[in-house]
Amino acid sequence: MPTQVLERPERKVRPTKAFVPDLVYFEPSSLDYPKGQRILEWVKEKNIEYHMTTSHNRITNLPGETDLEKYRIAKRTLVVGIRRTLKFDQSKPSAEYAIPISTGCMGHCHYCYLQTTLGAKPYVRVYVNTDDILLAAKDYIEERKPEITRFEAACTSDPVGLEHITGNLADLITFMANEEFGRLRFVTKYHHVEPLLNLKHGGNTRVRFSVNADYVIKNFEPNTSRFEERIEAAGKIAHAGYPLGFIIAPIIWHEGWEEGYGDLLKRLANTLPKDATKDLTFEMIQHRFTKTAKNLIEQRYPKSKLEMDIAKRETKWGKYGQYKYVYPKNQQQALREFITERIFEYFPESKIEYFT
Ligand code: SF4
């Protein structure tokens with residue numbers, strides 16, 4: 001009797017879903033804005049549990065028994081509010097200012113610096129008073145012109161992953177399209193770029209995708225879009241005429257790192273549509289942590305393989321008044337040289353903006 005060869009059906013990889021929170025809080029004044037009202041409608045349509053807060057940025061009854069449980073729930077909780085502080089922080093080296101449209105993120109990247117900067121408030125907070133934020137941006141542009149002023153929209157969040165809820169990036173992009181002396185940039189690990197593809201951007205917004213060696217994405221970036229999804233989205237962004245870039249961050253020294261980062265650049269070159277490689281930029285950021293971050297990461301991701309051995313690192317004074325631990329000079333140099341060479345091997349016309 002002939003043996004029947006059963007073919008294993010090809011496993012379908014599901015697309016990473018856009019974020020839908022489990023719980024939403026509205027600050028009362030957020031509903032005075034059309035955007036707040038629109039988000040409320042969306043929340044009702046999706047049948048998501050929601051509550052009103054009693055005042056500005058005060059969430060007192062977040063569910064969860066332990067700190068870890070509270071943290072996990074907070075990452076799935078959306079707070080809709082007003083941005084009161086319209087003084088923008090600096091955002092070196094990628095831009096002059098951080099433009100605040102959201103804080104917090106639903107991603108679970110173990111190394112994320114929001115672990116510490118957001119402290120006890122790790123929930124996702126979005127701002128609905130976009131016009132006030134844009135007026136403040138306009139003042140910053142006027143103050144510096146004819147110098148160009150660059151605004152980074154992803155300093156405290158991943159706004160692409162929230163765009164289907166807020167439309168905030170669309171507002172910023174279309175505003176910046178008419179600003180001769182203003183530029184917008186943001187970085188993402190999500191592929192949900194559809195709402196941005198048909199906007200008038202005037203070439204004034206650079207969209208960057210965060211990419212990394214396979215080892216880093218697989219071990220440390222849960223709840224973000226897969227590498228292939230990010231690259232496909234990068235192709236769409238380039239087709240839509242946006243300046244495109246990649247941030248390789250955090251660069252992590254691990255066993256087989258040369259192969260890992262070499263393979264990353266090779267895969268980028270093989271999968272990125274050729275017409276997407278014009279005017280391409282790269283930014284490189286080595287992994288760093290503070291003692292506070294190390295403690296929090298160990299509590300929140302106790303099984304993480306993230307190497308944070310202080311004895312293997314060098315110290316560098318950080319802007320938050322704490323030492324950060326970076327790789328020793330020889331390792332930094334090896335990482336920088338190797339990755340730079342691979343970038344220019346595959347993308348000879350690209351520009352490397354910085355390694356930090
Ligand atoms: Fe942090 Fe970005 Fe990961 Fe979100 S996607 S957790 S902002 S590193």
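## The shell around the ligand

In this predicted model, the residues that form the shell around the ligand fall into four nonpolar, one polar and two charged. The residues that surround the ligand are C105, G107, C109, C112, L114, D158 and K189. Glycine counts as polar in this classification, and G107 is one of the residues of the shell.

## Helices α8 and α9

Two packed helices are described by the angle between their axes and the distance between the axes. Helix α8, which covers residues 227-239, and helix α9, which covers residues 257-271, have axes that come within 10 Å and cross at roughly 45°. Angles under 35 degrees count as roughly parallel and those of 65 to 115 as roughly perpendicular, and α8 and α9 are therefore oblique to each other.

The crossing in which α8 passes α9 is right-handed. On the side of α8 the contact involves F227, E228 and I231, and these meet L264, R267, L268 and T271 in α9. Sorted by class, the residues in this contact of α8 with α9 are four nonpolar, one polar and two charged.

## Helices α9 and α11

Helix α9 also packs against helix α11 (residues 329-346), and here the axes come within 10 Å and cross at roughly 25°. With an angle of roughly 25°, α9 and α11 are therefore roughly parallel to each other. The crossing of α9 past α11 is right-handed.

From α9, the residues W257, E258, Y261, G262, L265, K266 and A269 take part in the contact, while α11 contributes A334, L335, F338, I339, R342, I343 and Y346. By class, the contact of α9 with α11 holds 10 nonpolar, one polar and three charged residues.

## Helices α4 and α6

A further pair is made of helix α4 (residues 130-144) and helix α6 (residues 168-177), which pack at an angle of about 35° with their axes 11 Å apart. The crossing of α4 and α6 is right-handed. Their contact is built from T130, L134, A137, K138 and I141 on α4, together with N168, D171, L172, F175 and M176 on α6. Six nonpolar, two polar and two charged residues make up the contact of α4 with α6.

## Salt bridges

Side chains of opposite charge can pair when their charged atoms come close. The structure holds 25 salt bridges, and one of them joins the side chains of E27 and R125, with a distance of 2.6 Å from N to O. E27 lies in the loop between β1 (23-26) and α1 (34-45), whereas R125 lies in strand β6 (residues 124-127), so the pair ties together parts that are 98 residues apart in sequence.

N47 is placed in the loop between α1 and β2 (49-52).

Key: Residues numbered from 1 in each chain as written. Predicted model: local features only at pLDDT ≥ 70, side-chain atom pairs only at ≥ 80, totals over all residues. Heavy atoms only, no water. Near = heavy atom within 4 Å. Axes fitted to C-alpha atoms, helices over the stretch in contact; angles between N-to-C directions. Helix = DSSP H or I, 4+ residues; strand = E, 2+ residues; numbered from the N terminus. Parallel < 35°, antiparallel > 145°, perpendicular 65-115°, else oblique. Left-handed = near helix turned anticlockwise from the far one by under 90°. Contact = heavy atoms within 4.5 Å. Salt bridge = Lys/Arg side-chain N within 4 Å of Asp/Glu carboxyl O.
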